Structures are given as C-alpha cells and as structure tokens.
There are 4 protein chains.
Amino acid sequence: MDYQKIIEKIYDEVKPLIEKGIVADYIPALAKTPANKFAMTVSTVNGEEFCVGDVDDNFSIQSISKVFTLTIAMNMIGDDLWKRVGREPSGNSFNSLVQLEYENGIPRNPFINAGAIVVSDAIFEGRGKTKNKILQFVREISGNNTLSFDEEVAESERIFGNKNRAMANFIKSFNNLNNLADDVLDIYFHQCSICMNTKDLAHSFLFLANKGINPKTGDIILGTRKTKRMNSLMLTCGLYDAVGDFAYRVGLPGKSGVGGGIVAVVPGELSVAVWSPGLNKYGNSLAGTKALELFTTYANNSIF
Amino acid sequence: MDYQKIIEKIYDEVKPLIEKGIVADYIPALAKTPANKFAMTVSTVNGEEFCVGDVDDNFSIQSISKVFTLTIAMNMIGDDLWKRVGREPSGNSFNSLVQLEYENGIPRNPFINAGAIVVSDAIFEGRGKTKNKILQFVREISGNNTLSFDEEVAESERIFGNKNRAMANFIKSFNNLNNLADDVLDIYFHQCSICMNTKDLAHSFLFLANKGINPKTGDIILGTRKTKRMNSLMLTCGLYDAVGDFAYRVGLPGKSGVGGGIVAVVPGELSVAVWSPGLNKYGNSLAGTKALELFTTYANNSIF
Amino acid sequence: MDYQKIIEKIYDEVKPLIEKGIVADYIPALAKTPANKFAMTVSTVNGEEFCVGDVDDNFSIQSISKVFTLTIAMNMIGDDLWKRVGREPSGNSFNSLVQLEYENGIPRNPFINAGAIVVSDAIFEGRGKTKNKILQFVREISGNNTLSFDEEVAESERIFGNKNRAMANFIKSFNNLNNLADDVLDIYFHQCSICMNTKDLAHSFLFLANKGINPKTGDIILGTRKTKRMNSLMLTCGLYDAVGDFAYRVGLPGKSGVGGGIVAVVPGELSVAVWSPGLNKYGNSLAGTKALELFTTYANNSIF
Amino acid sequence: MDYQKIIEKIYDEVKPLIEKGIVADYIPALAKTPANKFAMTVSTVNGEEFCVGDVDDNFSIQSISKVFTLTIAMNMIGDDLWKRVGREPSGNSFNSLVQLEYENGIPRNPFINAGAIVVSDAIFEGRGKTKNKILQFVREISGNNTLSFDEEVAESERIFGNKNRAMANFIKSFNNLNNLADDVLDIYFHQCSICMNTKDLAHSFLFLANKGINPKTGDIILGTRKTKRMNSLMLTCGLYDAVGDFAYRVGLPGKSGVGGGIVAVVPGELSVAVWSPGLNKYGNSLAGTKALELFTTYANNSIF
C-alpha cells in the first residue's frame with residue numbers, strides 16, 4: 001500500500017475544505033491559531049512514517065489527551081475505575097450537565113469532559129506529581145522528550161473554564177470526586193494544553209494499533225485486552241456527539257480535540273493523525289474528518 | 001480455527017447463566033418462552049456452519065428485524081433516508097420519547113423503536129405489499145422459504161403497543177411519517193414477529209460479513225460501502241443502551257432483540273448467532289452476551 | 001366601582017394590540033377566525049353585567065373547557081382524582097411529553113393537555129353519554145341552552161391531533177387511562193370545540209367567584225372548599241407556561257384557550273371574560289392579557 | 001377574629017406531626033436542630049401579635065431570605081432584573097441544573113437557588129458592603145437590631161455547597177453572573193444563615209400584607225405594585241416543587257426554608273410565621289404546612 005501517494009492525493013482533495021471550518025474561539029489562546037493549516041501523518045507498526053502538510057507545526061491536543069490519562073488510569077486502578085465512570089455513548093453534546101444529573105454524577109464515559117474530570121481525579125496524587133506523570137507518559141509514548149504543557153493555554157482554560165468548574169463541583173456534590181475541584185481542574189486544564197505535531201500524535205497512538213506494545217521500544221504500554229477495549233471505547237465514544245457519523249464515514253476507532261487534531265487507529269497496522277484547525281458543527285476538524293474518510297476509502301482499511 | 005470446539009466450550013461455560021436472566025414478559029406471547037433454552041450457530045463466508053444447543057428452535061427475532069428493514073430502505077431510498085433518521089447512539093433507553101421531542105421528531109438512529117418506525121414508513125407501499133416484501137427478503141437471505149410472521153405475536157404487540165403507538169403519532173406530529181400511524185405500526189409489529197432459529201439468523205447476516213454479497217448465491221444484497229456502514233451502525237447503535245458495554249466486551253458489530261437473540265458479524269469471516277431468552281438489565285440476552293464475549297476471546301477475532 | 005367605564009377605557013387602550021398577536025392556525029377551523037375581534041364582559045355576583053366590543057360573537061373556548069370537565073370530575077370522583085393527576089405547575093410548554101415520561105404517566109396538573117385527557121378518561125361513561133353530560137353542564141352554568149359543540153372544529157382537532165393522540169397512548173402505556181385512547185380523545189376534542197361568547201363565558205365562571213354557588217339559580221355547582229381549590233389551581237396552572245407572568249401582571253385566578261378567550265375570577269365579586277383571537281408567544285390572547293392587567297389595575301382588585 | 005384561640009387550637013392539632021418530618025441534615029449546623037420544636041406567630045397590620053409555642057427560639061431562615069434580597073433588588077434595579085431571571089414556576093426540584101441548561105442560564109424564578117444566586121449577583125457591591133446592606137434591611141423590617149448571620153451555618157454551607165458552586169459557575173458560563181462565583185456565593189450563603197424567631201419573621205413580612213408599607217414605622221419598603229407582584233411570585237414560586245399543593249391547601253402567598261420556617265401573607269390583614277424543623281418530601285416544614293392549612297380554614301382567609 002503506497003500510503004505516501006494516498007495521503008498526497010487526500011491533501012489535494014481536502015484543500016478546498018481547509019479554511020471552511022470554524023477555529024475554536026472559546027479561549028483567546030486557541031482563537032489565534034491560523035485557519036489555513038493541514039497536516040497528516042501515517043505511522044505503521046513496522047516503523048514506517050508518511051507525512052504531508054504542516055507536520056512540524058505543534059497544536060493543542062485538547063481532548064485527545066483524554067486517551068492518555070485514561071491509559072494511565074486503566075493501569076493504575078483497573079476495573080474499579082468503571083464504578084465511577086460509564087462506557088456508553090452520551091447521546092448529547094459533549095459538555096452537557098443534564099445527563100450527569102439524571103445519572104447521579106456518574107459520567108457516561110471517560111471521553112466527555114465530565115468523565116475526563118473523574119479520570120483526572122482518579123489519578124490525582126498532587127498537582128505537580130500528577131502533571132509530571134502525565135508529561136513523562138506522553139513523552140515516552142511519543143518518543144519526543146521536548147513535549148510540554150502550554151501554560152498560556154492552560155491558564156486561558158482556567159479563566160474561561162466556568163462550565164468545567166460547574167461540572168467538577170457538580171460531580172463533587174454527588175461524591176464522585178475525591179480531591180478539591182480546583183486541584184482536579186488544574187490537572188485537566190494542563191493535560192488539554194499539551195502541544196505536539198501530527199508525527200508525535202501518530203507515534204503516541206501506535207501502541208493502540210500494536211496490541212498495547214510500543215513497537216519502537218517493545219515496552220508494554222497497556223495489556224492486550226485493555227488495548228482492545230480502549231479502541232472500542234474510542235469507536236463508540238471518541239468523537240463527541242458525532243461518533244455515529246464518524247464510524248459510518250471513517251470506520252476506525254479515533255479521538256478528536258477542539259484544537260483540530262484527530263487521531264485514528266487501524267488495529268494491527270497503523271495509526272493516522274490529522275490536524276486542521278477549522279471545526280465542523282460537532283467540534284471535530286472539518287478537513288481532518290474528510291481526510292480520514294478518504295483514507296479508509298483509498299486504503300480500504302476500515303475495521304468494518 | 002476449530003469453531004465447533006470453541007462454541008462447545010462456551011456452551012459449557014455459560015450454562016450456569018442460562019436461566020439467570022428475565023424472559024421478556026411485556027406481551028403474553030413472549031412471556032411463555034421457556035427460559036432454559038440456548039443455541040449458538042457460527043456461519044462462515046466459506047460455507048461452513050457450526051452449531052450447539054437448541055439450534056432448531058424458532059424464536060421471535062424482534063428488534064433484529066430492524067437490520068432487515070433498514071437494508072431494504074438503504075436499497076430503496078439511499079442517502080435521503082438520513083434526512084429522516086440520524087446515525088448517532090441514543091444514550092437513553094430504547095423507547096424514550098424525550099430525545100425525540102428535543103430533536104423535533106428525527107429519531108437518533110434506525111435501531112431505536114422510533115427510528116425503526118420511520119424506516120417502516122419509508123418502505124411502506126401498502127400493508128400487504130410491504131409485509132410480503134419483508135418476508136421475501138428475509139426468506140431470500142436466510143435461504144429458508146418457510147419463514148413467516150407469528151400472527152399471535154404481532155397481534156399481541158398491537159394490543160400492548162401503546163408506547164409504540166404514542167411514538168408513531170408523536171413522529172407524525174412532527175411530519176416525519178407519510179402514512180397513517182396504524183398502517184406503519186402494522187408493518188413494524190409484523191417485522192418484529194418473524195420467527196427463526198439461530199441457523200437461519202446466522203445465514204441471514206452472512207452478507208454483512210461478505211461485503212454485502214450472499215456467499216451462497218453470489219447475489220448482491222447491499223453495496224460494499226453500505227455494508228460497511230451497516231456494520232458501523234450496528235456497532236454504535238445496535239445494542240440499545242448497552243452499545244458501549246457490548247463493544248467493550250465483545251468488540252463486534254451486532255444486533256439484539258428482546259426475544260433473546262443476538263447476532264454479530266466478523267467482517268470478512270463469519271456471522272455468529274446466539275439465542276437464550278433470559279435478558280439482562282439492558283434487554284439483551286444474558287447468556288448470549290457472555291457467549292459472544294467468550295467467542296471473541298477464544299477465537300481472538302474482535303475487530304479491535 | 002363603575003365597571004362599564006373601566007372596560008370602555010380598557011377597550012380604547014388595547015385597540016392598538018388587537019391585531020398584533022398571531023391567530024392559532026394549527027387547525028384550519030381556527031385559522032379562519034378574524035383577527036380584529038375583541039370583546040369583554042364583567043359579570044358580578046350581584047347579577048350585574050357590563051359589556052364592550054364583540055360580545056355576541058361566539059368563539060371556540062378550547063382549553064377553557066378544562067375547568068368545566070375538572071369541575072364535573074371533582075364532583076364525580078373526589079380526592080381519588082389526584083392519584084391520577086398532579087396539582088403542580090408544569091414549568092414546560094403545555095403539550096410536552098418529557099415531563100410525562102419522567103413522572104411515569106401522571107400529568108403534572110389537570111390544565112395541561114395530558115392532565116385534561118386523564119380527566120376526560122375519569123369522567124368517561126360512553127362517548128355519547130359523556131359528551132351530553134358536558135354539554136348539559138355548560139348550558140346549565142352559562143344559562144344558555146343553545147350552546148353546543150362545533151363539529152367542524154372537533155373533526156379538525158381529530159385529524160390534526162397527532163400530538164394529543166401520542167399523549168393519550170403514552171399515558172395509556174403507563175396504565176393511567178382506563179378507556180381506549182380514541183374514545184377519550186373524542187370527548188377531549190369535543191369539549192375543546194364548545195363555542196360561546198364572552199357573556200356566556202363570564203356567566204359560566206361566576207360560581208367560582210361565589211363560593212361554588214350559581215348566583216342566578218342558587219344551585220351548588222361545587223363545594224366551597226373545592227371552589228377555593230379550583231381557583232388556586234387556575235392561578236398556579238391555568239395559563240400554560242405563563243402562569244407566573246399572568247399572576248404577576250394580572251393577579252387573578254384565570255384560564256385561557258388558544259381560541260383567544262381568557263376568563264378570570266375575583267373571589268366574592270365577579271368574573272371577567274375577554275376574547276381577542278391574536279395570541280402572544282405563550283399561546284394566550286395578547287390583547288386579552290393586557291385588558292385583564294389593566295382591569296385589575298383600574299378596579300384595584302387583584303387578589304394580592 | 002380570635003387569632004389567639006385559633007393558633008392554640010392549631011398547635012394542639014399539629015402536635016402529633018411535629019416530630020414526623022425529617023430535619024434537614026445536608027449541613028451539620030442544621031442537622032443538630034431539635035426536631036420537637038414548633039412556633040407560630042400571627043402579626044396584623046393593626047399592630048396586634050399572637051403567639052404560640054417556641055416563639056423565642058431562633059432558627060435559620062434559609063431560603064426565606066430570598067424574599068429579602070429580591071426586595072432589595074427590585075428597589076435597586078427595577079424591571080431590568082427580569083432580563084436575568086424569569087418569573088415562572090420551575091416545575092422541577094429546587095436545585096435542578098437541567099432547566100438552567102435548557103434555558104441558557106436564565107433561572108426560571110428568583111426563588112429557586114439559581115435565581116437567588118443571580119439576585120445576589122445583581123445586588124453585589126463588595127462582600128462586606130452587600131452583607132451589611134442585607135443585614136441592615138432585615139433588622140429594619142423585623143424591628144430587631146440584634147439579628148445577624150450565623151457564621152457557623154454560612155461556613156458549613158460553603159464547605160458543603162458543591163451543588164450551589166456548580167450552579168454559580170454554570171450561570172457564569174452563560175454570562176449571567178457579573179462577579180466572581182465565590183464572591184456571589186459568599187453573599188448567598190450568608191443571607192441563608194440569618195437567624196430569627198417567628199415573631200421577627202412575621203414582623204419582617206408585614207409590609208407585604210400592607211401594600212409595601214411597614215405599618216410600625218410608616219416607611220415605604222416596596223411600592224404598591226411591586227408588593228402585589230412579590231406576593232404573586234411567592235404564590236406561584238415560593239414553595240419549591242410544592243407551590244401547587246400549598247396554594248391548593250393553604251391558598252396564601254408564602255415562602256419556606258429548609259430550616260423549617262414558613263411565612264405567609266393575607267393581603268390587607270396579616271402575616272403569619274410558623275416554624276417546625278421536620279420537613280416533608282418537598283423540603284417544607286411538615287407541621288408548619290399543616291398549621292397554615294388549618295389557619296386559612298379556621299380563619300377563612302385564603303385569598304381564593
């Protein structure tokens with residue numbers, strides 16, 4: 001399969017879409033991202049890498065970080081985690097408090113904000129220690145030791161984070177938060193602020209295409225069963241309120257962020273990361289979603 | 001892969017669960033099903049078949065029929081169908097009117113009752129004609145010309161179908177039903193009443209494991225792209241409010257019915273049907289769900 | 001108090017509003033009502049009557065009829081009625097199914113459609129018999145023996161009544177309807193179709209200003225305690241989703257209908273009926289609401 | 001009317017109910033209130049006062065304070081206040097976030113917690129200054145210069161106030177809070193902590209029975225129109241999710257608090273305050289509600 005040719009063809013085809021979406025503007029630090037960017041990286045379990053576009057530009061991974069903290073939590077806590085957070089699609093917009101109220105403070109899944117906040121609480125061992133652990137983990141799986149938090153973005157999230165603060169306090173009112181809301185949110189806002197490029201992102205997800213093993217180092221990042229389950233969770237819950245549409249059009253487990261990144265996994269074969277800041281109405285990268293749809297069409301590698 | 005050995009081992013392991021679930025009793029015709037039944041059939045695209053348990057017993061397929069009418073609708077109507085019904089998981093119990101109200105009469109997906117009623121309306125060409133078309137279709141893909149409706153079950157559904165009647169009238173109040181509510185419900189109640197055994201069921205779904213082609217006849221039942229999409233829809237929406245749990249534990253596209261049947265697909269390889277009438281709290285077969293979980297574990301063929 | 005002068009002054013002041021509202025058009029039979037109508041009648045417990053505007057024009061009383069059937073039900077059934085319907089404001093638009101779902105088929109109060117359908121079921125003794133009983137009751141309390149149903153309106157309601165049909169079937173699915181949904185709806189659609197003018201309407205409500213006694217005949221229509229309670233129900237639930245606004249601006253127990261009628265009661269003194277077909281965003285007569293606000297201001301007779 | 005005799009008779013009759021309710025225990029400071037307390041004071045616009053029971057015991061007025069801050073806000077801000085908070089009954093439990101979400105951060109009325117938080121924000125001029133203003137106002141209308149905040153209760157509310165903190169941050173996320181959530185909550189938690197006895201409480205509400213004028217001093221506390229409107233607001237929204245039940249049984253404008261106090265107003269005549277800490281399922285004093293029901297029955301002074 002000539003992935004280089006495929007992604008170049010895709011780049012050509014999605015160009016008209018690149019500036020069509022809306023760049024996230026709920027915090028100033030994100031709003032200033034140039035709209036005309038696009039990058040795509042395919043990383044295979046055999047060690048090959050294929051790139052097109054602005055693949056050296058760093059961007060804010062935002063919600064994609066929820067996969068990283070969930071991986072840490074699955075290793076730290078095991079199945080008890082699922083007493084505090086569900087595994088079902090939310091069927092509502094990604095930051096809704098309604099469902100949380102009807103379900104007594106147990107978030108529907110770890111990829112909606114409420115669920116990720118509970119995960120951040122579950123792995124909390126102090127502000128500094130937990131932030132360090134997350135950063136070390138992301139550096140390890142990406143193979144890039146320079147990755148770090150964007151403190152400006154994290155601070156911006158804190159200042160404009162009233163809805164997430166409402167959510168954290170609401171979860172705490174149901175006794176599903178062990179630490180102070182502000183401490184947990186410090187972790188959450190920082191994890192969302194991590195910056196990387198599509199190469200880093202594709203590398204970071206490669207263990208999910210390789211039964212949980214980092215193909216470059218041989219390290220076991222996550223057990224085989226848990227890896228399958230992470231992939232199933234991404235497929236059913238990873239794309240906010242557009243999981244059905246993404247599964248229907250792309251047909252791969254994936255995770256998106258409002259920074260415009262999306263990463264997906266073809267189990268046994270590869271990971272693929274795209275980035276383009278303009279978002280569609282679901283909060284997912286417009287050009288990025290189209291690029292991944294074309295990718296599974298041309299490479300014929302949907303899991304269905 | 002010795003599927004016969006695998007399903008025999010599974011049968012042994014799930015025996016303690018067989019009478020643990022609750023047999024559906026919302027209509028008398030279903031309530032009288034013996035609780036102690038279990039059957040499992042694996043049918044491969046190469047023409048092999050493996051059976052264990054009560055594989056000659058017929059049961060009511062109920063919601064599994066939604067895949068059949070959706071297949072007919074996808075062929076008859078094409079993409080316009082998606083203007084009238086969504087493709088997102090519902091995140092609520094399978095017969096909720098709430099979401100329908102907030103989303104102006106557009107059901108979230110074709111596998112919740114509201115969505116299936118819209119699909120029945122979309123393929124409606126008269127009571128007799130449409131029921132005949134459905135029956136012919138099911139006989140063709142199952143290869144069993146004796147299949148038919150269970151009129152007692154259909155009548156029972158009609159008598160006790162106040163919630164579905166509420167739903168159909170509600171959808172009509174949003175102008176998303178072209179025909180009379182009672183006409184559409186006649187189709188819906190009949191499709192749910194179709195009876196078959198696990199062999200018929202496995203055969204019926206084999207085209208979804210074979211890029212849309214019936215491997216026995218070579219007939220194209222559904223286009224390749226549409227087949228992938230049907231599988232993605234089953235994975236994200238096929239198990240009521242337990243899609244996440246099923247994807248997490250089983251990891252295959254599937255569809256369940258309150259009659260106790262579940263059928264799943266391993267793309268490119270096989271279909272697998274189970275039946276055991278006792279249901280878990282989500283309305284899915286208790287022993288059947290466990291059997292499928294063990295199946296993907298032993299055969300190592302989850303799509304993730 | 002010179003009520004004649006007051007209502008003439010009011011008529012002058014509300015004239016600019018009379019054609020500003022939107023005439024109900026959800027059924028053709030209502031849509032053809034001329035928008036430029038206005039009538040107002042004050043009827044005192046001492047037997048005086050004051051009129052202004054189109055007071056001889058009949059209009060469809062619609063939801064105002066809910067007070068009549070509730071009066072019949074309170075006499076027929078007593079406190080057991082409140083096991084089947086609540087007495088709390090709905091806090092939602094008047095035909096919402098959501099609340100009904102969360103509260104298991106017990107409508108919030110007898111003045112939302114769902115509640116009135118339950119009341120119609122509670123007094124059901126056969127289609128003909130119950131319709132006759134309602135008509136006799138309304139003729140008696142209005143003192144007008146020519147009042148009758150408008151069969152064209154009733155039939156129009158039936159044809160376009162999908163939402164009410166959804167509601168009735170939904171309530172039945174919770175076992176809170178003893179009769180067939182279509183039988184109950186026949187009563188409901190007919191009671192809504194009753195036609196009268198503002199004089200009839202003011203007369204009909206006079207017993208509620210007179211401790212339950214018809215001041216013209218001395219007949220006890222409703223016990224004293226129950227009369228107070230009917231008034232409190234009208235104040236807290238009688239104006240759809242605008243009870244707070246109406247209580248705030250008018251400060252009297254009242255009931256409105258989408259036909260443009262509103263009737264209110266000053267306990268111990270009088271009833272006042274207004275009619276103007278143009279509705280505000282809450283489904284209440286725009287000019288009528290303003291007229292009543294001015295009435296309690298000028299006559300200084302709000303209950304607060 | 002021999003009010004003394006009436007309230008003594010009532011005291012006798014409600015005695016069996018006094019320890020039946022549940023004392024609020026969501027904060028330790030409230031949980032320690034003895035359950036066996038009951039007090040009742042009637043205060044007339046003519047300067048008479050009638051007392052029975054523990055009328056010298058102070059209790060936490062909690063939500064009753066919402067009437068005081070709303071009075072301040074209606075004087076400070078006028079009708080613009082209603083752009084930020086509605087006047088409709090909520091139809092849901094008193095601290096629900098659901099409705100707030102569906103209505104974009106505009107609370108349904110000033111007597112649910114969300115609405116009172118917006119009112120606290122509207123009158124905010126600094127923590128100390130606003131708390132002083134509230135205290136001065138309450139001292140003035142009660143005629144008791146010793147009234148003050150219970151700092152232990154206020155601190156307890158703060159510590160266990162995760163749900164209110166969630167609410168305040170959520171409202172802020174809709175830009176309906178001008179000040180910091182924690183600053184506004186400091187006002188809110190303090191106003192709820194004010195302690196008084198039933199005599200103070202009856203005196204404090206007497207202006208609402210006297211067209212807005214303090215009958216003891218002649219001071220205009222609130223304009224006549226605004227006073228009527230405050231009474232209508234209390235009737236339609238003052239008793240959490242039991243306004244309909246209270247209007248039906250008692251038939252007076254009133255306001256309750258989870259400390260077990262309820263105060264009601266007979267316009268033109270009197271105010272009546274009761275206190276008994278045991279609450280019914282709606283969060284209103286069990287014996288207190290019954291006492292008020294008996295009061296309007298015996299004194300025959302419901303507004304209906």
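In the contact between chains A and B, 28 residues of chain B meet 28 residues of chain A, two residues being counted as in contact if their C-beta atoms, placed from the backbone, lie within 7 Å. The model is a predicted one, in which local features need pLDDT of at least 70 and side-chain atom pairs count only at pLDDT 80 or more, whereas totals for chains, interfaces and linings use all residues. Residues are numbered from 1 along each chain as its sequence is written, while chains are lettered from A and ligands numbered from 1 in the order in which they are written.

On the side of chain B that touches chain A, at least two residues each are supplied by helix H11 (224–237) and helix H12 (243–249) of chain B; helices (H or I, at least four residues) and strands (E, at least two) are DSSP runs, numbered from the N terminus. The most is given by H11(B), with 8 residues. By class, this side of chain B holds 11 nonpolar, 10 polar and 7 charged residues, where Ala, Val, Leu, Ile, Met, Phe, Trp, Tyr, Cys and Pro count as nonpolar, Asp, Glu, Lys and Arg as charged, and the others, Gly among them, as polar.

The same surface serves both copies, since 100% of the contact residues of chain B recur in chain A.

The contact of chains C and D takes 29 residues from chain C and 28 residues from chain D. Helix H11 (224–237) and helix H12 (243–249) of chain C are the elements that give two or more residues to the side of chain C that touches chain D, and H11(C) gives the most, with 8 residues. That side of chain C has 11 nonpolar, 11 polar and 7 charged residues.

Within chain C, helix H5 (residues 113–122) packs against helix H8 (residues 162–173) at an angle of about 60 degrees, with their axes 10 Å apart. In this packing C:Asn113, C:Ala114, C:Ile117 and C:Val118 of H5(C) meet C:Asn164, C:Met167, C:Ala168 and C:Ile171 of H8(C). The residues of this contact divide into 6 nonpolar, 2 polar and no charged.

Definitions and conventions: Axes are lines fitted to C-alpha atoms, for helices over the stretch in contact, and angles run from 0 to 180 degrees between N-to-C directions.
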